[in-house]
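Thanks for making time for this.

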Amino acid sequence: MLTLVLSALAAETHDGYTFYLGDPHVHTGASGDGGSDDISGTCDGTCGDFYTVFDAARAAGLDWVAVTDHVNGNQVKQSSDEWTEMLAMALAANEDGAFVTIPGGEVWAALSYYERLGHTTMLFFGDDATLANITLDDLQVSSADTVVSSCDQIFSFADGLYASFGNLLLVPHHPAATIPMPTDWSCHSETYQPTVEVYSGHGNSLDHDSTYDLMWSGTYTDGAVHTAIDPDGYALQLGFIAGSDSHDTRPGNVCRPDSEHTNHPFGGGHTLVVLDEAETFDRAAIYDAMVARNTIATTGPMVPVVVNYTSGGATLGDIGDDLAVPVGQELDIAVTVYGDWVDYIDVVEIVTPSGYTEMEAGASGSYTLTISAGDMPSWVYVSVQMDGDSYFGTECPDGGDDGTEFAWTSPSYIEEGPDDLDGDGVTYLDGDCNDGDASIYFGQTEIWYDGIDQDCDENDDDQDGDEAPYVIDCDDTDPQNSPLLSETWY
């Protein structure tokens with residue numbers, strides 16, 4: 001059994017990507033239904049301290065965090081002082097390149113009390129100087145508390161915030177929860193809602209057929225994430241994130257259920273943002289990763305996962321990228337899992353609208369699968385299922401019926417691509433053995449013994465075709481001279 005060690009900054013770099021661990025959904029005692037030990041005597045259970053919440057986030061091993069207390073509705077405290085203090089603390093704690101804080105809040109809206117549209121996590125990604133000017137009054141989506149006149153009012157409100165404070169997102173969270181409310185996917189913005197929270201202390205909102213960590217209040221099928229991205233349903237294109245939704249001021253602590261919301265049985269999750277190794281780590285980079293769906297949602301563990309999608313030898317993309325697959329070609333998927341979790345993996349699957357398919361395990365941490373041209377889906381993502389009990393032992397009592405842990409990569413959405421991906425005039429189906437390199441195709445002149453099969457005849461070291469490679473063939477230009485032949489004496 002491994003010992004669970006929580007230390008500051010979990011970032012890991014593998015294969016040119018750096019993975020940054022974060023919790024995008026945390027509450028403190030500044031929420032009317034939240035608790036902190038050191039303000040207003042609000043904590044009914046075991047809570048963290050309001051004034052050291054960012055120190056706690058670092059201690060929990062997070063690279064980034066968003067404290068998202070309620071900003072509208074009946075869960076906002078009457079005084080705005082604590083929200084203002086939290087904003088100032090978030091900006092003071094931000095350290096680009098090392099530890100990033102994202103100011104935010106929880107917003108919910110409804111057409112009426114009985115026509116609820118859903119809860120969203122508001123995240124701001126602008127610079128410190130601009131964000132310092134936000135007031136709680138700025139964050140009221142409606143003068144009528146939570147009731148809006150139409151769905152459009154929500155996104156007009158977001159337009160105004162963008163004009164004043166820069167980039168922001170309104171992330172739907174616990175979308176399949178019957179209580180407090182599910183998400184109405186007909187009210188959606190591609191601009192402000194490119195991603196969705198698939199897992200939190202409420203449970204699993206991902207797949208309406210899932211049996212893992214079911215929503216404590218019941219799963220509302222029409223609010224599930226698979227319903228949202230179903231090509232025959234809402235056909236939305238969403239990335240995946242996960243958060244704790246802790247209401248007891250414990251960011252990143254996914255090993256214990258919420259002590260303030262004791263009906264939430266799960267510890268919640270984390271989000272990995274996946275950046276190029278050389279990219280600067282700051283709010284702007286996290287925003288870009290969420291918009292580009294370069295994220296991994298986990299039920300807690302820090303599990304670096306690299307996914308490569310190729311077709312005909314051409315690289316099409318990685319996590320969350322749009323994939324242009326030529327008609328009639330296969331899609332090859334290669335997955336690599338890094339770190340100690342490799343030894344605790346139960347199964348790695350690809351998920352499509354048709355269901356789950358187990359990948360073939362290769363070397364430690366490597367998995368592959370090919371989707372045939374006739375079965376090409378509209379989207380695909382990777383699900384890594386792990387044995388958390390064996391990894392964590394009894395040190396992580398995060399609730400739920402079992403110790404299974406998951407990591408879900410954001411989906412890649414598939415469209416029809418050009419027949420000739422590298423533009424060399426020969427398609428993969430017509431004999432281009434590497435449609436990602438314009439110098440390689442059937443009919444190209446071979447350069448012998450360079451390790452590259454330029455003419456796609458599967459022969460780079462046997463020029464005379466006598467099946468004896470040049471390293472043992474004394475004359476590789478004459479098939480009559482070969483170590484494989486019998487000698488004709490004298």
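Let me start with C47, which counts as buried because its relative accessibility is 8%, under the 20% cut-off. Please keep in mind throughout that this is a predicted model. The partner of C47 is C43, with the two sulfur atoms 2.1 Å apart in a disulfide, and C43 is buried as well, at a relative accessible area of 19%. The torsion about the S-S bond of this pair is about 85 degrees, so the disulfide is right-handed.

In total, the count comes to three disulfides, and the next one joins C151 to C187, with an S to S distance of 2.1 Å. This pair links distant parts of the chain, 36 residues apart, since C151 sits in helix α4 and C187 in the loop between β7 and β8. The link of C151 and C187 is right-handed, with 95 degrees about the S-S bond, and both cysteines are buried.

The S to S distance here is 2.2 Å, and the pair connects the loop between β10 and β11 with the loop between α7 and β22, across 141 residues. Both C255 and C396 are buried.

Finally, the surface: D276, E277, E279 and D288 gather there in a patch of negative charge. Of these, D276 belongs to strand β11, residues 270-276, and counts as partly exposed because its relative accessibility is 47%.

Key. Residues are numbered from 1 along each chain as its sequence is written. This is a predicted model: local features need pLDDT of at least 70, side-chain atom pairs count only at pLDDT 80 or more; totals for chains, interfaces and linings use all residues. Side-chain values use heavy atoms; hydrogens and water are left out. Patches are made of residues with over 30% relative accessible area and no salt bridge: like charges are joined within 9 Å, nonpolar side chains (Val, Leu, Ile, Met, Phe, Trp, Tyr) within 5 Å. Accessible areas come from the Shrake-Rupley method with a 1.4 Å probe; for residues, only the protein chains shown count as cover. A salt bridge is a side-chain nitrogen of Lys or Arg within 4 Å of a carboxyl oxygen of Asp or Glu. Lys and Arg count as positive and Asp and Glu as negative; His and the chain ends are not counted. The place of a charge is taken as NZ of Lys, CZ of Arg, CG of Asp or CD of Glu. Helices (H or I, at least four residues) and strands (E, at least two) are DSSP runs, numbered from the N terminus. Buried means under 20% relative accessible area, exposed over 50%, partly exposed in between (1.4 Å probe, protein chains only). A disulfide is a pair of cysteine sulfur atoms within 2.5 Å.
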